[in-house]
Amino acid sequence: MPVPLLEGPNIRLRAPRNADLLTLFNWYNDPETVAPFDRFSVDRFEDFARDVAEAPEDPRSLAPRFVVERKEGPHVIGFVGHYQAHPVLTLTDVWYVLGEIAERGKGHGREAVGLLVDYLFHDLALPRVGATCDTANAPSYKLLERLGFRREGTLRSALFHHSAWHDVALYGITKGEWASRPREA
Ligand SMILES: CC(C)(COP(=O)(O)OP(=O)(O)OC[C@H]1O[C@@H](n2cnc3c(N)ncnc32)[C@H](O)[C@@H]1OP(=O)(O)O)[C@@H](O)C(=O)NCCC(=O)NCCS
């Protein structure tokens, strides 16, 4: 399935290009970037590049599916993805990372995830979109809550990073809730 171009006021999401891969690979393998949401593992560059190339055909892939680019620039600041999170239930979860630390806290993450969720509801016709995050990851859960996601539960001691087990919040939003959410001016 071709990866579309998704554009918001300040941010666009586009398919990764070969020239992006080393930057994405370095963020993907940096424990301080990914540890709050994922078990850290070291990939080989060749495997990472193959996974990114194959992701559009694999709904379960955890590889980055879009780069997040500032339209003013343009300048790659992060990446986002989505994956089938359950073998039986219709659960597709999103994930999101701004690798450029200086670009965090400016609303770019919220805009990027909003574009991704819009795409999943309209183009892939999903009934719900989910996300998980460490219960201590305030930028992540605030981003989700501002977009209208509801906290649906907590998985206790489900994520290991920084030498300890952490609780994980489960979030979700339905297609109807997304369509009727209040829009910001
Ligand atoms: C999570 C992440 C994508 C959020 O993107 P961002 O552009 O930094 O966030 P935004 O500017 O869109 O802000 C989202 C919300 O978080 C809040 N926020 C941002 N930085 C914050 C911080 N350091 N502490 C507390 N809240 C913060 C914002 O105020 C906003 O909440 P509000 O709408 O209630 O005011 C980004 O911080 C990141 O890449 N973090 C590292 C990777 C990661 O944790 N990914 C998520 C894994 S579940």
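Which residues have the most contacts inside the largest nonpolar core? Select Val68, Val80, Val94, Ala112, Val113 and Leu116. That core has 31 residues. A nonpolar core here is a set of buried Ala, Val, Leu, Ile, Met, Phe, Trp, Tyr and Cys residues joined through C-beta atoms within 7 Å. Buried means 20 or more other C-beta atoms within 10 Å of a residue's own; exposed means 12 or fewer; partly exposed lies in between; C-beta atoms are placed from the backbone.

Before moving on, two notes. This is a predicted model: local features need pLDDT of at least 70, side-chain atom pairs count only at pLDDT 80 or more, and totals for chains, interfaces and linings use all residues. Residues are numbered from 1 along each chain as its sequence is written.

**Stop 1: Val94.** Leave aside its neighbours within four places in sequence. Val94 then contacts Val80, His82, Val113, Leu116, Val117, Val129 and Ala131. Contact means C-beta atoms, placed from the backbone, within 7 Å.

**Stop 2: the strands.** Select 66-70 and 75-84, strands 3 and 4. Helices (H or I, at least four residues) and strands (E, at least two) are DSSP runs, numbered from the N terminus. Strands 3 and 4 pair antiparallel over 5 bridges; pairing requires at least two DSSP bridges. Glu69 has Val76 in strand 4 as its bridge partner. The two strands form a hairpin with 4 residues between them. In the turn, Gly73 has a positive phi of about 150 degrees.

**Stop 3: helix 4.** Select 108-122. Helix 4 has 15 residues and reaches 21 Å from first C-alpha to last. That is close to the 21 Å expected at 1.5 Å a residue, counting one less than the number of residues. Its buried residues are His108, Gly109, Ala112, Val113, Gly114, Leu116, Val117 and Tyr119.

**Stop 4: helix 5.** Select 138-147 and highlight Ser140, Leu143 and Leu144, which are buried. Seen down the helix axis, the buried residues fall within an arc of 95 degrees, so they line one face. The arc is taken over directions from the axis to the C-beta atoms. These residues pack against helix 4, strand 6 (128-134) and strand 8 (164-174). Gly148 follows helix 5, with a positive phi near 105 degrees.

**Stop 5: Lys175.** Finish in helix 6, residues 175-179. Lys175 is partly exposed, because 16 other C-beta atoms lie within 10 Å. Lys175 touches Phe121, Leu126, Pro127 and Arg128, not counting residues up to four places away in sequence. Lys175 and Arg128 are 47 residues apart in sequence, yet 5.6 Å apart in space, C-alpha to C-alpha.

Key:
Two residues are in contact if their C-beta atoms, placed from the backbone, lie within 7 Å.
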